[in-house]
Amino acid sequence: MSDTDRAFLDRAFAQAEAAAAADEVPIGAVLVDPATGTVIAEAGNATETLADPTAHAEIRVLRMAARAAGRPRLPGYDLYVTLEPCPMCAAAIANARLRRVVYAAPDPKMGGVAHGPRIFDQPTCHHRPLVVADADPQRSAALLRAFFRAKRARGKRRFEG
């Protein structure tokens, strides 16, 4: 992984840490125009804060970028995310026509890229971005473990209702 990739992944981790501080599952994403090195959008999970089951970090940055660009397709952009995108996010990534996805850690339970339905491998998937997997699995796992350990210690359940 290049120094540039590392720097953008570090920004995604900063978003994940901010999400954790807001009592959200610590996943962060950063969308970048690699031609200029410009960060287009960055966000962490906000499903609890926004009361929105689709407010995953990846979806949030895609929405911000599409709104700013005035178009639903974002070809040429790279997405950096701290955990393998879920099937919903993987489908949105394909629909946005992103160039590349770099994710820090696999998600064997809920992943949609290398696990589960493997969205980009489906014959019905119209766009397959380049995927760089497992870019920093230990850091991502440590952040998630610490978050859920703290939640258990406070006696709060992950899902309420």
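These legends describe close-up views of a predicted model. Residues are numbered from 1 along each chain as its sequence is written, and side-chain values use heavy atoms, without hydrogens or water. Because the model is predicted, local features need pLDDT of at least 70 and side-chain atom pairs count only at pLDDT 80 or more, while totals for chains, interfaces and linings use all residues.

**View 1. Strands β1 and β2 form a hairpin.** Helices (H or I, at least four residues) and strands (E, at least two) are DSSP runs, numbered from the N terminus. Strand β1 (residues 28-33) pairs with β2 (residues 38-44) in the antiparallel sense, over six bridges. Pairing requires at least two DSSP bridges between two strands. Alanine 29 has alanine 43 as its bridge partner in β2. For valine 30, the partner in β2 is glutamate 42. Four residues lie between the strands, and glycine 37 takes a positive phi near 80°.

**View 2. Five strands make an open sheet.** Their order is β2-β1-β3-β4-β5, with mixed pairing. At the edges, β2 and β5 (130-132) each pair on one side only.

**View 3. Helix α4 (residues 137-153) has a buried side and an exposed side.** Ser140, Leu143, Leu144, Phe147, Phe148 and Lys151 are buried (under 20% relative accessible area; exposed is over 50%, partly exposed in between; 1.4 Å probe, protein chains only). These residues lie on the same side of α4 because they cover an arc of only 115° around the axis, taken from the directions from the helix axis to the C-beta atoms. On the other side, Gln138, Arg152 and Ala153 are exposed. Just after α4, glycine 155 takes a positive phi of about 75°.

Methods. Expected span 1.5 Å × (residues − 1).
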